Amino acid sequence: MIQSFIRSELRDYLIKIPNLDLDLLFDCWSKPLPEGFRVNTLKLPEEYILERLREKNTVFRKISWARYGYILETEFQLGTMIEHMLGLIYLQGPVSMAPVEALDPSPGDIILDMCAAPGSKSTQISQLLQGRGVLVANDPIIDRCKALSSNLQKFGVYNVVITTLDGRVFPKMVGEFFDKVLVDAPCSSLGIVSKDWRIVKNWSMDNVYRLSRLQLQLLRSAFDCLKPGGALVYSTCTLTIEENELVVHNLLESRDNAYIEEIKLDGLRYEEGLTEWNNLRLNEELLKSLRIYPYHNSAEGFYIVKIRKSG
Amino acid sequence: MRILDHSSRKILEKLLYDQHGVRDAFREFVLVMGGDGKIRATTLETVEVAGKIRKVLQIGLYVAKYRKSKNEVFLSIDGSQLLNDQLTKNVVELSEEECREWMRGAPVKLSTDSYGKYVVGKIEKIYLGSARVSRDGKAYPQVAAWRRIPEE
């Protein structure tokens, strides 16, 4: 069914991606994504909240790569539960929890979430900060900041500043200031097509190039406002090379003090990042980046890379 | 938005002590207040970071609303959870069903009339924010519309 929505331009593009199994991809796109959630330990102990969920006949299993992350195994409307409205649980896709785990926030860090709305990853960062340090949750679109603000409130986060800046202005404004930065960049969303088939209907290479330019600007800005020794995670929920490896390759070409770190996330399945595309040799370090297809974990598709600034 | 000065903070502390028995409420936090009487709790370090950045939309966690005209304070859901067992007075233990009613913003009939004018709802270890108690013995929860659970 979904194949009838896919434009030939997209199909031709996907066929060129090495090691991508198109049949498996299309099969995943036609199924709903699993319902994941995180337990909010900022408010109450993990086991206490899980016990409340069990009492309400929900069945779930632990996500191996995400602290406090679970996948629902029964049909249940988590979104209407009191526990959800009170912020004791946060609904979030299982693979979407991986970028923050890769960033590995520590209590006391000053962290920028550059494209923060609607706040899934911001709440996850704040949970790992445990109330110490500061989170700057930024999104340039004020309308999207309403959801960001509501979610951070519901989650009970007090060490947070919400800003509405263009992410590209941070280095000029604060210099090398942050211990860690997350750039979960706006993208063409090919990893979450199951949520909305219009993603493939409206996909175009022109849009990919436009996004790629913006992504590189955001990534450079994120890198430039890191303290020496600081680390950033760049992630997208899409599969195109122009929005992933090429963006990172261009950063590595322009910043001598940037290098890629290995990401170790228990049980998460992925392919290594690509080092060749359209006859262009890319930086070998990109092998350390993670290319996660929807069929790897029967969940969202993502690209994740961790970059450190030497210092 | 301004940082609450010593005297304003004392007023808030006295109200929360009188209403709910909390001593030195939010003592470990910096409190800031907006023009609408909304009080937000945060840390000194967060205030310092905010001072370096432009276009700050919001800082910290909304914990309470102060109404100067009536000299009363209401705790938000998250403000009451932050205080948790420091709340020792006018705390109403709710059943699961009453909890759902509360979170719909519907009035909840109190079992005794020994409560004050304001109560905080609670179920097990979970706090649900403030309600105003009316003369008919019902608690009217102050749950923000966006936070209410939908009708079944």
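Predicted model: local features only at pLDDT ≥ 70, side-chain atom pairs only at ≥ 80, totals over all residues.
A residue counts as buried if 20 or more other C-beta atoms lie within 10 Å of its own, as exposed if 12 or fewer do, and as partly exposed in between. Keep that rule in mind.

Take N19(A). Is N19(A) buried or exposed? It has 9 C-beta neighbours inside 10 Å, so it counts as exposed. Where does N19(A) sit? In chain A, in the loop that links helix 1, residues 8–16, to helix 2, residues 22–29. N19(A) is not a glycine, yet its phi is positive, about 65 degrees. Most residues other than glycine have a negative phi, and most peptide bonds are trans.

E124(B) is not a glycine either, and its phi is positive, about 50 degrees. Look for E124(B) in the loop between strand 9, residues 118–123, and strand 10, residues 126–133, of chain B. Now apply the rule. E124(B) has 13 C-beta neighbours inside 10 Å, so it counts as partly exposed.

One more backbone point. Go from A117(A) to P118(A). That peptide bond is cis, with omega near 5 degrees. P118(A) lies in the loop between strand 5, residues 110–113, and helix 6 of chain A. Remember helix 6. We will meet it again.

Now step back to the whole of chain A. It has 12 helices and 15 strands. Buried residues make up 52% of its 311 residues. Along the principal axes, its C-alpha atoms fill a box of roughly 55 × 50 × 35 Å. What radius of gyration would a compact globule of 311 residues have? Near 19 Å, and chain A has 19 Å, so the two agree. Next, the contacts in chain A. Consider those between residues at least 6 apart in sequence. Of these, 76% join residues at least 24 apart.

Chain A is assigned two domains. Domain 1 covers 2–31 plus 93–309, and domain 2 covers 35–92. Their centres, taken over C-alpha atoms, are separated by 24 Å. How many residues does each domain of chain A bring to the contact? Domain 1 brings 20 and domain 2 brings 16. On the domain 1 side, helix 5 (98–103), helix 6 (120–129) and helix 7 (142–155) each supply at least two residues. Which helix gives the most to that side? Helix 6 of chain A, with 5 residues. By class, the domain 1 side has 7 nonpolar, 10 polar and 3 charged residues.

On to the sheets. Strands of a sheet pair through backbone hydrogen bonds, either parallel or antiparallel. Chain A has an open sheet of 4 strands, in the order 2-3-1-4, with antiparallel pairing. Strand 2 (60–62) and strand 4 (89–91) of chain A are at its edges; each has a single partner strand, so one side of each has no neighbour in the sheet. On average, neighbouring strands of this sheet are turned by 35 degrees against each other, direction ignored. Look at one pair inside it. Strand 1 (36–39) and strand 3 (69–72) of chain A are antiparallel and share 3 bridges. R38(A) has G69(A) as its bridge partner in strand 3.

Chain B has an open sheet too. This one has 5 strands, in the order 1-2-3-5-6, again with antiparallel pairing. Its edges are strand 1 (2–3) and strand 6 (72–75) of chain B; each has a single partner strand, which means one side of each lacks a neighbour in the sheet. Strand 1 and strand 2 (30–33) of chain B run antiparallel, joined by 2 bridges. I3(B) has V32(B) as its bridge partner in strand 2. Helix 1 of chain B, residues 6–20, lies across strands 2, 3, 5 and 6, at about 75 degrees to strand 6.

Last, the two chains together. The contact takes 32 residues from chain B and 26 from chain A. Several elements of chain B each supply at least two residues to its side, including strand 4 (56–59), strand 5 (61–67) and helix 3 (77–83). That side of chain B has 18 nonpolar, 6 polar and 8 charged residues. Strand 7 of chain A, residues 160–163, runs antiparallel to strand 4 of chain B, joined by 3 bridges. Which residue of strand 4 of chain B is the bridge partner of V161(A)? It is I59(B).

Key
Residues numbered from 1 in each chain as written. Chains lettered and ligands numbered in written order. Domains from an automatic or database assignment. Contact = placed C-beta atoms within 7 Å. Nonpolar A, V, L, I, M, F, W, Y, C, P; charged D, E, K, R; others polar. Pairing = 2+ DSSP bridges. Rg over C-alpha atoms; globule rule 2.2 N^0.38 Å. Axes fitted to C-alpha atoms, helices over the stretch in contact; angles between N-to-C directions.
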